[in-house]
Amino acid sequence: MHFLGVDIGSLYTKLLIIDYDFKVLYSDIFKTLARNNKRDDILSKLIKEYIIDYSCSTGYGRKLMKSADIVKTELYCASAGVTQLAPFEKTIIDIGGEDIKLLKSAANAKVIDFYMNSKCAAGTGAFITEVAERAELDVADMSRLAANSKSIKELNSFCTVFAKTEIMKWIFDDTSDEDLAKGIYISIANRIQKIPADNSLPVFLIGGVAHYHPYLKDILEEKFNIKVTIPENPQLINAFGAACIARNSFVNK
Amino acid sequence: MYEINASKELKHIMKNYFSDLKNNSKPVAWCTSVGPAELLRSFGFEVYFPENHGALLGATRKAMDTIPLASKIGYPSDICSYLTADIGSHIQKSTPLLKHYGLESPPRPDLIVYNTNQCREVQDWFSYFGNQFNCPVSGIVPPRHLDVVKQADIDNVSSQFKALIPECERISKNKFDIDKFRHSLRLSKEATFLWKKVLETSKNSPAPISFFDATIHMGPIVVLRGTETALDYYKILLSELEKNVVSKTGFLKKESSRIYWEGMPIWGRLRFLSELFAQHNSAVVASTYCNSWIFDDFDERNPFESSALAYTTIFINRSEKAKLITLKNLIKDFRIDGVIFHEAKTCFNNSNSRFGMPGKLKDETGVETLIIEGDLCDLRFFSEEQSTIKIETLLEQISSS
Ligand code: SF4
């Protein structure tokens, strides 16, 4: 038996196939951009090749996959995916390209509470990319740089555009690349810390940003004073969760 | 497709209301939506409600053009968007009333009356127009955010009602006649009683009227309460909805969940939201907003005291403690599974999500609660996609519990 999870995110589409025992048989990531989209071709090929019994789509573009058997929000898929790996009550922080989601997930994967930033990109992947670009930092190198900084300086502004102006001032003050990188991460952690959440629970950090910026885990551990886990392939967790939901719904049908 | 047949009659009534405002020779009073309409009517005023115009500017999305004009003269776009949309529309000299009801502008006021039982914003909003039209502005300023309304509060407000009389007499050129006041109050009471029964039909499942439909059908209770017209309309509407209850005809065929809407409507996105909930077989069956025009306390035997009580005891004028009790009762009565708190970014007066209420309500009743950010008129504060994910997650929470 094969189950397909599809996470159509604002930047990337993630596909993942599991078997009855939740073993991952296949995964793929490609750009979501609607132009020249190969999504439908890949999907029909996969569905034929793997003989998919049931599928679930999620993500910003979740309603685009017409052949999906079920459609679920990212929050439910995140909860299902992480719960499969960690079947206890926990907090999940999902930092994506354009939003942050924070949820309290039950041992049975129910979403107990959730929070999403609603209107601005502060603290998201887009924020990091924009501010890093202004500071001429290589995004892929930021975690390594930040790890070598002892600075505790942070960007204060909530607004991405103002944060870019702020970082210019740091550059004029000859702030090192290491301190710039760490400052960006601290400001994200601060934003997350202001979200009402149960800080006594273990924290799981997922999403594309966790994959490219593992240093965020260290900063969050320091801020929350709690262990933070980044699961393997954190950007695939929602697709994995979708596949788990497909599997469980099929089995319990 | 489910349709409420009374809608045709509703259109007709609203059209007549506006054409009366246009063609009549009677003096016109502007009034806040929960202001002393009955007293004004007793002097023979035609009563016009600027908030109704605000809602129309929001629903037609015309507000998006007019709000910036108000910002330019010092009314920034983060204060009440009814106020900014309405003032902007005055500056622009254009109104959706023309297309919908043939009025080139709101009717010129002879008297402007507000009640700050809902917010202080109305005072400044109405004062702007007082200056523009060189028109007298009077107000009732009741004690606010009350746990309970005490006799001293009623005495205070009822003497403020009485203090309006000389100005009303001078402008209307009619002497105050207590029997006329009693008459309009009785009509108002009967209409609000029927309006309450209309809303209560949705205690049934499948519910015959949604929150979204009710925001349209509440037109007469806002602008025509105190008249026979409003009373007659709600008789028609109620009888249709009661028949639908008996025949088990609801606006949704199947209800998977029942939702309460707390806060203002998002006027420019009513259809979008109504369709979103319908896609998930989720019925939005009750709201704080539509309940705001139920005035159980009107009593023509004591017109001043009972008006003072009814208009001071309204939900928006109560403490967090009193609001919580009301919400808990409604959740029980309407068998609600989830509450959406609309945090209107330009109206904190009508947004109850900012002092921990959603959490308290969830803890004390077990229903799921959700805050969505938006606004009554200014759609820049509303993100369709983010709100969709939030609402769908809430519905998933409800279905998995
Ligand atoms: S209650 Fe809110 S929307 Fe109504 S007039 Fe006052 S501030 Fe504006």
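This is a predicted model: local features need pLDDT of at least 70, side-chain atom pairs count only at pLDDT 80 or more; totals for chains, interfaces and linings use all residues.
Colleague: How do β6 and β9 of chain A pair, parallel or antiparallel?

Modeller: They pair in the parallel sense, with 4 bridges between β6 (residues 90-95) and β9 (residues 203-206) of chain A. As one example, I92(A) has F204(A) in β9(A) as its bridge partner.

Colleague: And what is the strand order in the sheet of chain A that holds β1 to β5?

Modeller: The order is β3-β2-β1-β4-β5 in an open sheet of 5 strands, and the pairing is mixed. Here β3 (24-31) and β5 (70-71) of chain A are the edge strands; each has a single partner, so one side of each is left without a neighbour in the sheet.

Colleague: How many bridges hold β5(A) to β4 of chain A?

Modeller: There are 2 bridges between β4 (residues 54-58) of chain A and β5(A), and the two strands run parallel. In β5(A), V71(A) is the bridge partner of S57(A).

Colleague: Moving to chain B: is β7 buried or exposed?

Modeller: Strand β7 (residues 338-344) of chain B is mostly covered, with 7 of its 7 residues buried.

Colleague: Which residues point which way?

Modeller: G338(B), I340(B), H342(B) and A344(B) point one way from β7(B), whereas V339(B), F341(B) and E343(B) point the other way; all are buried. The background is that side chains in a regular strand alternate between the two faces of the sheet.

Colleague: Which strands pair with β7(B)?

Modeller: Strand β5 (residues 257-262) of chain B pairs with β7(B) in the parallel sense over 4 bridges, and G338(B) in β7(B) is the bridge partner of I259(B). Strand β8 (residues 368-374) of chain B is also parallel to β7(B), joined by 7 bridges. There, A344(B) stands opposite G374(B) in β8(B).

Colleague: Now the ligand. Which residues surround it?

Modeller: The shell consists of C80(B), Y82(B), Q118(B), C119(B), E121(B), V122(B), W125(B), M264(B), C347(B), N349(B) and L376(B).

Colleague: Where do K235(B) and D232(B) lie?

Modeller: Both lie in helix α13 (residues 228-246) of chain B, 3 residues apart, which is about one turn of the helix. K235(B) has a relative accessible area of 47% and D232(B) one of 37%, so each counts as partly exposed.

Colleague: What about R271(B) and E275(B); how far apart are their closest N and O atoms?

Modeller: The closest N and O atoms of that salt bridge are 4.0 Å apart. R271(B) is exposed at 64% relative accessibility, while E275(B) is partly exposed at 43%. Both residues belong to helix α14 (residues 270-279) of chain B, 4 residues apart, about one turn of the helix. Elsewhere, salt bridges with shared partners join R62(A), K63(A), E74(A), D99(A), K101(A), E385(B) and E392(B) into one network.

Colleague: Last topic, the surface. Which residues make the nonpolar patch with M1(A)?

Modeller: Y20(A) and V251(A) make it together with M1(A), and the patch covers about 280 Å². M1(A) sits in the segment before β1 (2-8) of chain A and is exposed, with a relative accessible area of 52%.

Key: Residues are numbered from 1 along each chain as its sequence is written. Chains are lettered from A and ligands numbered from 1 in the order in which they are written. Side-chain values use heavy atoms; hydrogens and water are left out. Patches are made of residues with over 30% relative accessible area and no salt bridge: like charges are joined within 9 Å, nonpolar side chains (Val, Leu, Ile, Met, Phe, Trp, Tyr) within 5 Å. Accessible areas come from the Shrake-Rupley method with a 1.4 Å probe; for residues, only the protein chains shown count as cover. A salt bridge is a side-chain nitrogen of Lys or Arg within 4 Å of a carboxyl oxygen of Asp or Glu. Buried means under 20% relative accessible area, exposed over 50%, partly exposed in between (1.4 Å probe, protein chains only). Two strands pair if DSSP finds at least two bridges between them. A residue is near a molecule or strand if one of its heavy atoms lies within 4 Å of it.
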